[in-house]
Amino acid sequence: MPFEAIASAFLAAAPSLAFRRSVAGLPLPSQPPSSFLPRHLPVRALMKRNPKRLKYSTPRFFKKWEAMVYVEMDPLGSETWRLEPVIKLIKEGAVGVIPTDTVYAIVCDLRSYSSIERLRRIKDIESKKPLSILCHSFQDIDKYTVGFPRGDGRGQTNIFRTVKHCLPGPYTFILPATKELPKQCIKSGRTARYESRKHVGVRMPNDSICQAILQNLDEPLVSTSVKWPSEDQWMLDPVIIADTYGPEGLDFVVDGGVRVADPSTVVDMTGRYPTIIRQGKGPKLEWMIVAGEDYGGGPSELPFSPGSLKAPSPPVS
């Protein structure tokens, strides 16, 4: 029997990842980093890609009879050496799912145009819909945005000093982007024109698994949270995420346990006041206001110079 026929029969007979995990949740063997790659493979989910959705996207890493990489992790982030294959895949241009301190996110390398295009196609995101970036440090934020105001001695508040107390944490801050942010972050399709990027949502998640991945990469990750394909609701179980989006072209999933439907709090930092445009897990702090509420403070109390109060489009999350 031809090899392709054997492989197809094997895939058809394989149960879903959700079923196999519910039957046997065996712990992964504990090995030192040096022996992990040659001796043990991550858990793999046997799934097929959807050629219709990815018709014009770049090829997936794996051949059609191979499987997506699935890595189970302790939610506390112990044994981070298990993430080595995932980090390697991201650097090579993979698109996959990782946990954050709020919900799960589909991520890819910030500098890989083809990966960003595939991320948009996997989640079916509109070409002009903004994405967020996951950062490991304030140095990353300062590179790709104008950063948080440090105070100028002329009435501008030192917001940076207060932000340091809530990051890492469950916030998405919308900041003006710099030219370092690749324009292809908002470009989708090979024939689409590049468009200027004015604002970007930045996150610094307080999650040990996410931070372990970020600290081993050279750049931040482009990110969008995982939702049900036909509903505006978050997907919280990594097994269901793998079964749903694996066939659409995911290269890997990092399982950090089931999450709670509590997204990040989105704060617009581009206007006169730090304004909450979506209340989520991060609490409202005293230097923030809620969109639509009046603020009675005088000009000397403004953290930014007076400007437009028009809020940018919130990042995809």
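Biologist: Is Phe138 buried or exposed?

Modeller: The general idea is to compare accessible areas: a residue is called buried under 20% relative accessible area, exposed over 50% and partly exposed in between, using a 1.4 Å probe and protein chains only. Phe138 has a relative accessible area of 17%, and is therefore buried. Before we go on, note that this is a predicted model, in which local features need pLDDT of at least 70 and side-chain atom pairs count only at pLDDT 80 or more, while totals for chains, interfaces and linings use all residues. Residues are numbered from 1 along each chain as its sequence is written, and side-chain values use heavy atoms, with hydrogens and water left out.

Biologist: How is a pair of aromatic rings described, and how many aromatic pairs does a search of the whole structure find?

Modeller: A pair of aromatic rings is described by the distance of the centres and the angle of the planes. Rings of Phe, Tyr and Trp (its six-membered ring) pair if their centres lie within 6.5 Å, and planes under 30 degrees apart count as stacked, over 60 as edge-to-face and the rest as tilted. A search of the whole structure finds five such aromatic pairs. In one of them, the ring centres of Phe138 and Phe148 are 6.4 Å apart and the planes lie at 70°, so this pair is edge-to-face. Phe138 belongs to helix α6 (residues 138-144) and Phe148 to the loop between α6 and α7, so the pair ties together parts 10 residues apart in sequence. Helices (H or I, at least four residues) and strands (E, at least two) are DSSP runs, numbered from the N terminus.

Biologist: Which ring does Phe148 meet at 90°?

Modeller: Phe148, which counts as buried at 2% relative accessibility, meets Phe173 with the ring centres 5.2 Å apart and the planes at 90°, so this pair is also edge-to-face. The two residues link distant parts of the chain, since Phe173 lies in strand β6, 25 residues away from Phe148 in its loop. Phe173 is buried as well, with a relative accessible area of 0%. Together, Phe138, Phe148, Phe160, Tyr171, Phe173 and Trp287 form one aromatic cluster.

Biologist: What is the largest nonpolar core, and which residues have the most contacts inside it?

Modeller: A nonpolar core is a set of buried Ala, Val, Leu, Ile, Met, Phe, Trp, Tyr and Cys residues joined through side-chain atoms within 4.5 Å. The largest one here has 46 residues, and Phe148, Val163, Phe173 and Leu250 have the most contacts inside it. Several elements, including β4, α6, β6 and α9 (238-245), each supply at least two residues of this core, and the largest share, four residues, comes from α9. A second, separate core of 22 residues includes Leu89, Ile90, Ala212 and Leu214. Leu89 and Ile90 are also among the buried residues of α4, together with Pro85, Val86 and Ile87.

Biologist: How many salt bridges does a search of the whole structure find?

Modeller: A salt bridge is a side-chain nitrogen of Lys or Arg within 4 Å of a carboxyl oxygen of Asp or Glu, and the search finds nine. In one of them, the side chains of Arg203 and Asp101 meet at 2.6 Å, N to O. This pair links distant parts of the chain, with Arg203 in strand β7 (residues 199-203) and Asp101 in the loop between β3 (96-98) and β4 (105-109), 102 residues apart. Both Arg203 and Asp101 are buried. Another bridge joins Arg111 to Glu180 at 3.7 Å, N to O. Here Arg111 is partly exposed, with a relative accessible area of 40%, and Glu180 counts as partly exposed at 39%.

Biologist: Where does the charged end of Lys227 sit?

Modeller: A charge sits over a ring if NZ of Lys or CZ of Arg is within 6 Å of the ring centre and within 35 degrees of the ring normal. The charged end of Lys227 sits over the ring of Trp234, 4.7 Å from its centre, and Lys227 also forms a salt bridge with Asp232, where the closest N and O atoms are 2.5 Å apart. Lys227 is buried, at 14% relative accessible area, whereas Asp232 counts as exposed, at 60%.

Biologist: Which peptide bond is cis?

Modeller: The peptide bond from Leu167 to Pro168 is cis, with omega near -5°, and Pro168 is found in the loop between α7 (159-163) and β6 (171-176).
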